[in-house]
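Please open the structure in your viewer and follow the stops below in order.

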Amino acid sequence: MQGLKTTNILFLMLILLSGCYYDSEEELYGTTECDAVDMSLANDILPILENDCYTCHSVTANFGNVTLEGYEKLLPYVNDGSLLGAIMHSGGYSPMPKGKAKLLDCEIEKIESWINSGALNN
Ligand code: HEC
């Protein structure tokens, strides 16, 4: 009898502990911060553009006569504010990516950070 009780208590504690474990994991996930410091065009920005923009804005696609492939092609849209305006869905710009969900906040933050650091070809 005593042995059974101990087993039950241990079992209960296990359930409770695993409950706590999942709770804290969710919390950690929810508060994960966006690392948007020292962004590199090649490593941080291009992967986003490749995923969400190049179907329409590669050299060959060139939708809307907009090419974002290649630093020299990308820079004018950085400098006239339309790249950021489009992905932030700001008034006066065509919201991008067209027909798809807005980029993740962290992705927008990364692009903004790269632009604010001088939009280097890094
Ligand atoms: C499904 C095709 C498609 C995708 C995907 C797409 N675009 Fe566009 N984009 C267009 C078209 C077409 C235009 C021309 C304007 C219009 O028709 O809205 C355009 C215009 C633009 C412009 C000029 C906007 C302006 O108001 O001057 C920018 C900047 C731009 N896109 C950036 C992006 C970025 C950055 C992404 C990825 C996050 C992206 N686009 C994804 C089709 C697309």
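The model is a predicted one, in which local features need pLDDT of at least 70 and side-chain atom pairs count only at pLDDT 80 or more, while totals for chains, interfaces and linings use all residues. Residues are numbered from 1 along each chain as its sequence is written, and side-chain values use heavy atoms, with hydrogens and water left out.

Next, display H57, V66, L68, A86 and M96, which lie nearest the centre of this pocket among its 21 lining residues.

Now select the iron atom of the ligand, which H57 (NE2) and M96 (SD) coordinate at 1.9 to 2.2 Å. H57 belongs to helix α3 and M96 to the loop between α5 and α6 (105-116), so the pair ties together parts 39 residues apart in sequence. H57 counts as buried, at 11% relative accessibility, where buried means under 20% relative accessible area, exposed over 50% and partly exposed in between, using a 1.4 Å probe and protein chains only.

Step from M96 to P97, where the peptide bond is cis with omega near -5°; P97 is also in the loop between α5 and α6.

Finish in the loop between α3 and α4 (71-79), where N62 is found. N62 has a positive phi of about 50° although it is not a glycine, and N62 is partly exposed at 27%. N65, placed in the loop between α3 and α4, has a positive phi of about 60° and counts as exposed at 61% relative accessibility.

Key: 1 Å grid on protein atoms, 1.4 Å probe; cavity = no way out; pocket = protein on both sides within 12 Å on 5 of 7 lines; lining within 4 Å. Donors = N, O, S within 2.8 Å, 3.2 Å for Na, K, Ca; no water. Helix = DSSP H or I, 4+ residues; strand = E, 2+ residues; numbered from the N terminus.
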